[in-house]
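Reader: I have the chain open here and want to go through it piece by piece. Can you take my questions as they come?

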Amino acid sequence: MSYPITQSFIPGLPKNPYRNGVGAYEGVVAHSTDDLNATAQNIHDFEARTYNNAFVQFAVDWTCIIQFADTNYGAYGAGYNANQRFVHVELCETNDPDKFKESYSRYVWILAKILHDRKLGVSEKASFWTHADVHATWPQDTTHTDPVEYLQSHGVSVSQLVSDVKAQYNAMDVSIATVPQKAPSSNSNSSASGLVTVLASSLYYYNKPDWNAKAGTVTKGEAFTVVDTVTVNGSKMYKLKSGNYITANPQYVKYTN
Ligand SMILES: [Zn+2]
């Protein structure tokens, strides 16, 4: 299972590194909005006006996942201690069981992906936190106890959420491990010129030959069929069979015929 992430970064956000440095988040905080029927886009637009008080990196509803902010920098989601350690994800609230199901699948997936991107595992109150856990650990920082009550209203306990995120995380391990074997055989009917393997622990890919068209990240060891090489603003990109693009810089990727 996989979902698209719509990147819609809020302009002007502060760029505060985590306590261990830029990109070095230590886990995730699972939130819910406490704003019945507000969509991820509504939350985005609200936070675009009020980010000096609070903002998160992701919000998830029943149709989409929107990324508001770069995960390389801390957000303002749950107070001093959590913000310098963790990425924050908001789950949009609904009373509709079908909408809940749709949004919950996306929530589990993005929580697992954020942890998987840095190989942090899924460990309660270590890499995986609810806002309620943050309140319990640092009560001086925050009074919120979401998303416990909201999830319970749909019959989901926090321990269920943790086990669902673990299962998704483990599924990501498997799918990444199988990509390098599958990719070469898919070459046979195309004009593919080779295979590119990711060397960096995490690397952006692009949906256009444009360094600003970031569409998501790939992880070390993933491999993709290359169909073309293009030069964009003086730097080379590989065009992949999927139609996406990735850097051709040998510092970050390895090319093989
Ligand atoms: Zn919260």
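Reader: Which helix is Gln41 in?
Author: Gln41 is in helix α1, residues 40-50. Bear in mind that this is a predicted model.

Reader: Is Gln41 buried, partly exposed or exposed?
Author: Gln41 has a relative accessibility of 37%, so it counts as partly exposed.

Reader: How far apart are Gln41 and Ile65 in sequence and in space?
Author: They are separated by 24 residues in sequence and by 9.2 Å in space, C-alpha to C-alpha.

Reader: On to the sheet. What is the strand order?
Author: The order is β1-β4-β3-β5-β2-β6, an open sheet of 6 strands with mixed pairing. At the edges are β1 (6-7) and β6 (128-130), each of which pairs on one side only.

Reader: Do β3 and β4 run parallel or antiparallel?
Author: Antiparallel, with 3 bridges between β3 (residues 58-60) and β4 (residues 65-67). Phe58 stands opposite Gln67 in β4.

Reader: And β2, how many of its residues are buried?
Author: 6 of the 6, so β2 is largely enclosed by the rest of the structure.

Reader: Which residues are on each side of β2?
Author: Gly27, Val29 and His31 are on one side, with Val28, Ala30 and Ser32 on the other. Both faces of β2 are covered. In general, side chains in a regular strand alternate between the two faces of the sheet.

Reader: What joins β2 to β5?
Author: 6 bridges, and the two strands run parallel. His31 stands opposite Glu90 in β5.

Reader: How many bridges pair β2 and β6?
Author: There are 3 bridges, again in the parallel sense. Val29 has Trp129 in β6 as its bridge partner.

Reader: Which strands does helix α3 lie across?
Author: Helix α3 (residues 97-117) lies across β2, β3, β4, β5 and β6. It runs at about 175° to β5.

Reader: What does UniProt place at residues 11-148?
Author: The unreviewed UniProt entry has the feature "domain: N-acetylmuramoyl-L-alanine amidase" there. In the model, that span is 33% helix and 15% strand, and its end C-alpha atoms lie 31 Å apart.

Reader: Change of topic, aromatics. How many aromatic pairs are there?
Author: The count comes to 9 aromatic pairs. One of them is Tyr18 with Tyr25, edge-to-face, at 6.0 Å centre to centre and 65° between the planes. Both of these tyrosines are buried.

Reader: Why is the pair of Tyr206 and Trp211 edge-to-face?
Author: Because their planes are at 80°, and planes over 60 degrees apart count as edge-to-face. The ring centres are 5.4 Å apart.

Reader: Are those two buried or partly exposed?
Author: Tyr206 is buried, with a relative accessible area of 8%. Trp211 is at 22%, so it counts as partly exposed.

Reader: Which residues form an aromatic cluster?
Author: Phe86, Trp129 and Trp138 form one.

Reader: What lies over the face of Tyr25?
Author: Arg118, at 5.4 Å from the ring centre. Elsewhere, the charged end of Lys214 sits over the ring of Tyr204, 4.2 Å from its centre.

Reader: Last one, Val196. Where does it lie, and what does it touch?
Author: Val196 lies in strand β7, residues 194-198. At 1% relative accessibility, Val196 counts as buried. Its contacts, leaving out residues up to four places away in sequence, include Phe224, Tyr238, Leu240 and Ile246. Val196 and Phe224 are 28 residues apart in sequence but 5.3 Å apart in space, C-alpha to C-alpha.

Technical notes:
Residues numbered from 1 in each chain as written. Predicted model: local features only at pLDDT ≥ 70, side-chain atom pairs only at ≥ 80, totals over all residues. Heavy atoms only, no water. Pairing = 2+ DSSP bridges. Helix = DSSP H or I, 4+ residues; strand = E, 2+ residues; numbered from the N terminus. Contact = heavy atoms within 4.5 Å. Axes fitted to C-alpha atoms, helices over the stretch in contact; angles between N-to-C directions. UniProt positions renumbered as here; feature names shortened; annotations may be inferred. Phe/Tyr/Trp six-rings, centres within 6.5 Å; stacked < 30°, edge-to-face > 60°. Buried < 20%, exposed > 50% of the residue type's maximum accessible area, 1.4 Å probe, protein only. Lys NZ or Arg CZ within 6 Å of the ring centre and 35° of its normal.
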